[in-house]
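Student: I would like to go through this model with you and ask, term by term, what stands behind each label.
Tutor: Gladly; here it is.

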Amino acid sequence: MKSLSARCLLCGKNYDVEEDHKDFQKLSKQEKAPTFICDYCSNKVRHESDDKRKEKKPM
Ligand SMILES: [Zn+2]
């Protein structure tokens with residue numbers, strides 16, 4: 001399986017992204033230093049925005 005090394009924009013860590021990752025095609029088109037949002041950070045962001053939505057909605 002093909003893989004490439006990409007850096008997460010949020011945590012700054014380097015990850016090996018494999019061919020079956022949803023962003024692989026997008027990343028392979030970025031000529032140098034591909035960047036993406038890693039699964040860990042995208043989960044975190046999703047949770048944070050969920051929390052904000054809950055806060056705005058009074059129960
Ligand atoms: Zn990250």
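Student: In which helix does V45 lie?
Tutor: V45 lies in helix α2, residues 39-56, where a helix is a DSSP run of H or I with at least four residues, a strand is a run of E with at least two, and both are numbered from the N terminus. This is a predicted model, in which local features need pLDDT of at least 70, side-chain atom pairs count only at pLDDT 80 or more, and totals for chains, interfaces and linings use all residues. Residues are numbered from 1 along each chain as its sequence is written, and side-chain values use heavy atoms, with hydrogens and water left out.

Student: Why is V45 called partly exposed?
Tutor: Its relative accessibility is 40%, and the label covers what falls between buried (under 20% relative accessible area) and exposed (over 50%), with a 1.4 Å probe and protein chains only; therefore V45 counts as partly exposed.

Student: What makes β1 and β2 a pair?
Tutor: Two strands pair if DSSP finds at least two bridges between them, and β1 (residues 3-8) and β2 have five, in the antiparallel sense. Among the facing residues, L4 stands opposite V17, and S3 has E18 as its bridge partner.

Student: How do you know that β1 and β3 pair as well, and in which sense?
Tutor: They share two bridges and run in the parallel sense, with C8 opposite F36 in β3. The open sheet therefore has the order β2-β1-β3 with mixed pairing, given that pairing needs at least two bridges.
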